[in-house]
Amino acid sequence: MQKRFLITPGPTPVPPEVLSALSEPVVHHRAPRFTEILKQVVSGLKYIYQTENDIIVFAASGTGAMESAVVNVVNAGDHVLVASMGNFGERWKKLTATWGAAVTALDYEWGTKVIPADIEKALAADPAIKAVYVQFSETSTGVVNDIRTIGEIVAKTPAILVVDAISGLGATDLKTDEWHVDICVAGSQKALMVPPGLAYVAVSEKAWAVVEKCETPRFYYDYIAARKKMTGDSAQTPYTPAVSLMVAQNAAIDLIKEEGLANVFERHRVLSRAAKEGVKALGLELFGPEDPEANSVTAVKVPDGVDGGKIGKIARDKWGVWLAGGQGPLKGKIFRFGHCGYFGHSDIIVGLTTVEMVLAELGYDVKFGASAAAAEQVFMQSTVLL
């Protein structure tokens with residue numbers, strides 16, 4: 001038997017308390033008990049989102065939440081702005097184009113940040129732009145955008161700001177209301193510490209005004225129908241929810257509250273810094289800028305002479321450790337080390353030492369123990385529980 005480790009940016013490891021909640025008897029989704037669970041989850045998500053906006057819950061992947069943020073906003077022919085700097089920014093482009101939007105794209109080299117001033121210029125050049133779509137944490141590269149500044153810019157215009165926070169929410173500080181994020185999508189399987197299957201959307205009053213005028217046909221992902229059903233003392237979801245996952249999410253939220261958001265963010269900062277110092281100690285080069293707030297993913301360039309396509313396969317098959325590879329044009333050129341959600345110091349050490357052994361097998365000159373030693377120095381300086 002081989003013990004297995006998820007060192008990926010999603011799905012991520014699930015705490016024992018959450019696994020235990022998953023094993024509870026199934027609650028009927030029209031029972032008062034589920035209404036209580038739903039209200040608790042929505043309240044907890046507001047705490048994590050740092051918002052007073054409406055929260056909508058779908059049984060879906062994160063991409064379902066992304067599509068919902070298009071079909072409730074975009075009519076065919078509407079002008080939208082998409083700032084893309086990775087695989088999931090490209091997904092915004094595909095989704096908005098699929099639903100008939102006239103897309104203005106700001107395309108950045110993968111591994112770089114969106115430049116807020118470019119968004120300001122694009123909005124000034126086309127006052128008809130209805131929505132701005134952007135990533136918070138770009139999972140394919142680990143880069144985090146300056147949502148605070150982007151939010152301030154968009155808030156001065158009629159456009160709404162739509163943010164994909166799927167890998168960032170709960171790992172990096174995101175002040176949804178203060179930063180003027182109008183629609184913010186997230187998923188259960190990353191820093192929220194639950195298996196895949198739940199999608200979340202926070203919707204501002206400014207966004208509701210747009211949603212209510214949107215004429216695009218939608219059924220399952222209808223925000224208006226969802227808000228109507230989820231409001232009031234007998235709140236429910238319009239259609240059958242992922243009941244057991246909701247119970248599990250409630251348990252995960254309790255763990256986040258117990259730790260406290262400030263401590264959660266600091267723990268992620270420490271884990272991220274340890275992972276980055278560890279790979280640098282091996283002489284490896286990080287992909288993208290070093291950012292103390294890029295807490296979810298560490299992206300690493302594959303060194304010259306190493307077959308990047310084999311790194312993940314050897315780590316998985318020989319050592320039971322799942323690392324993520326590069327996506328799109330970065331396939332075989334980087335590997336990604338996830339550390340959002342239920343991660344501690346031991347996970348980082350396991351991931352780093354596995355990278356050492358895999359690279360050594362692939363012919364890279366490794367100083368064994370160097371990465372772990374560098375990570376340990378970071379951990380020793382930490383003041384939060386790891």
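Helices (H or I, at least four residues) and strands (E, at least two) are DSSP runs, numbered from the N terminus. By that assignment the protein chain has 13 helices and 14 strands. This is a predicted model, in which local features need pLDDT of at least 70 and side-chain atom pairs count only at pLDDT 80 or more, while totals for chains, interfaces and linings use all residues. Residues are numbered from 1 along each chain as its sequence is written, and side-chain values use heavy atoms, with hydrogens and water left out.

**Overall form**
- The radius of gyration, taken over C-alpha atoms, is 21 Å for the protein chain; this agrees with the value near 21 Å for a compact globule of 386 residues, the rule being 2.2 Å times the number of residues to the power 0.38.
- The C-alpha trace spans about 60 × 55 × 35 Å along its principal axes.
- Of the 386 residues, 58% count as buried, meaning under 20% relative accessible area with a 1.4 Å probe and protein chains only.

**Aspartate 78**
- Aspartate 78 lies in the loop between helix H3 (62-71) and strand S3 (79-84).
- Aspartate 78 is buried, its relative accessible area being 17%.
- Contact means heavy atoms within 4.5 Å; not counting residues up to four places away in sequence, aspartate 78 touches Val73, Gly100, Ala101, Ala102 and Lys130.
- Its side chain makes a polar contact with the side chain of lysine 130 at 2.7 Å; such a contact is a pair of N or O atoms within 3.5 Å, and within protein one must be able to donate a hydrogen and the other to accept it, with residues adjacent in sequence counting only if both atoms are side-chain atoms.
- A distance of 5.7 Å separates the C-alpha atoms of aspartate 78 and alanine 102, which are 24 residues apart along the chain.

**Nonpolar cores**
- A nonpolar core is a set of buried Ala, Val, Leu, Ile, Met, Phe, Trp, Tyr and Cys residues joined through side-chain atoms within 4.5 Å.
- The largest has 97 residues, and those with the most contacts inside it are Trp92, Ile119, Tyr133, Ile147, Ile183 and Tyr223.
- Helix H9 (residues 243-259) supplies the largest share of this core, nine residues.
- Another core, of 33 residues, lies apart from it and includes Val279, Ile314, Phe343 and Leu362.

**Helix H9**
- Cover for the buried residues of H9 includes helix H1 (16-22), helix H2 (32-49) and strand S2 (54-59).

How values were computed:
Buried < 20%, exposed > 50% of the residue type's maximum accessible area, 1.4 Å probe, protein only.
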